[in-house]
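Welcome, and thanks for taking a look at this chain. Please keep the sequence and the 3D view side by side while you read.

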Amino acid sequence: MAAANASAPNSAGLLLGHFVASGLVTQEMLNISKRTAPCFEKFSRLQQITNIQAEIYQKSLEIELLKLEKDAADVVHPFYLSQKCHDLQSMNNHLEAVLKEKRSLRQRLLKPMCQENLPLEAFYHRYMVYLLELAVSFIERLETHLETIRNIPHVDANLKKMSKALTKMDVLVTETEELAENILKWREQQKEISSCIPKILAEENYLQKYDIIISPLPFTSKGHAQTTNIK
């Protein structure tokens, strides 16, 4: 039944067939009308590309705005603005208090600060302990720092003097080594001499005991000869 309905021509088909039979419309005209014009396809594609580009541009603008908001968050964000307003308000209150007590502060600054206690809020006590430690260490090293600053212009001259002193020290070390070697040689000679002295003394005692006098004789062709006179 469905196949019969699909194969059966509808009213529009019958009308077009009648036009073709009468010669008002040709089959070529009908075929051309079925095709889609390429220019309209390009227009639709261009419209789609334009829409996509507009969407991309919109998204890029949103991204740039988010980046700008992130970079300027400490300036335009309400949380940071309220915090800055609070800090400015506290500073303003402090300045107003200073201006109210301007006369007493001026008189206090004119007087010497000796054996007086400055009032300090309990919240800042822990910071004062740290600051006092830093002040003590700075005062202890102040003279060293000042001396270092004074010596900065004389660094080149001091380096030259140091190089000369090192050269002299090298010469003195060389001379000291030579002197030490000479002392060691002299000690060895003294040891040899001290070891020979007892033998010489013993020989002298022996000769004195027997009253022996040794007199050298001139050299002969056969060698050295000695004569002894025994009393």
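The chain exposes about 22,400 Å², with carbon and sulfur atoms supplying 63% of that area. Accessible areas here come from the Shrake-Rupley method with a 1.4 Å probe, and for residues only the protein chains shown count as cover. Of the 231 residues, 1% count as buried, a word that stands for under 20% relative accessible area, while exposed stands for over 50% and partly exposed for the range in between.

Before going on, please note that this is a predicted model, in which local features need pLDDT of at least 70 and side-chain atom pairs count only at pLDDT 80 or more, while totals for chains, interfaces and linings use all residues. Residues are numbered from 1 along each chain as its sequence is written, and side-chain values use heavy atoms, leaving out hydrogens and water.

**Layout of the chain**

Ten helices and two strands make up the list of elements. Read from the N terminus, their order is α-α-α-α-α-α-α-α-α-α-β-β. Both kinds of element are DSSP runs numbered from the N terminus: helices are H or I with at least four residues, and strands are E with at least two.

**The nonpolar patch**

Phe138, Ile139, Leu142, Leu146, Ile149, Ile152, Val155, Leu159, Met162, Leu166, Met169 and Val173 make a nonpolar surface patch of about 1,100 Å². Patches take residues with over 30% relative accessible area and no salt bridge, joining like charges within 9 Å and nonpolar side chains (Val, Leu, Ile, Met, Phe, Trp, Tyr) within 5 Å. At least two residues of the patch come from each of α8 (125-140), α9 (142-151) and α10 (155-210). Helix α10 gives the largest share, six residues, and Met162 has its place in that helix.

**Salt bridges**

How many salt bridges does a search of the whole structure find? The search finds two, a salt bridge being a side-chain nitrogen of Lys or Arg within 4 Å of a carboxyl oxygen of Asp or Glu.

| Pair | Closest N and O atoms |
|---|---|
| Glu143 and Arg150 | 3.9 Å |
| Glu147 and Arg150 | 3.2 Å |

Glu147 and Arg150 both sit in helix α9, three residues apart, which is about one turn of the helix. Through shared partners, the salt bridges join Glu143, Glu147 and Arg150 into one network. Arg150 is partly exposed, at a relative accessible area of 46%, and Glu147 is also partly exposed, at 38%.

**Charged patches**

On the surface, Glu175, Glu177, Glu178 and Glu181 gather in a patch of negative charge. Glu175 lies in helix α10 and counts as partly exposed, with 46% relative accessibility. A positive surface patch is formed by Lys160, Lys161, Lys164 and Lys168. Lys160 is likewise found in helix α10, and this lysine counts as exposed at 58% relative accessibility.

Key:
Buried < 20%, exposed > 50% of the residue type's maximum accessible area, 1.4 Å probe, protein only. Lys, Arg positive; Asp, Glu negative; His and termini not counted. Charge placed at Lys NZ, Arg CZ, Asp CG, Glu CD.
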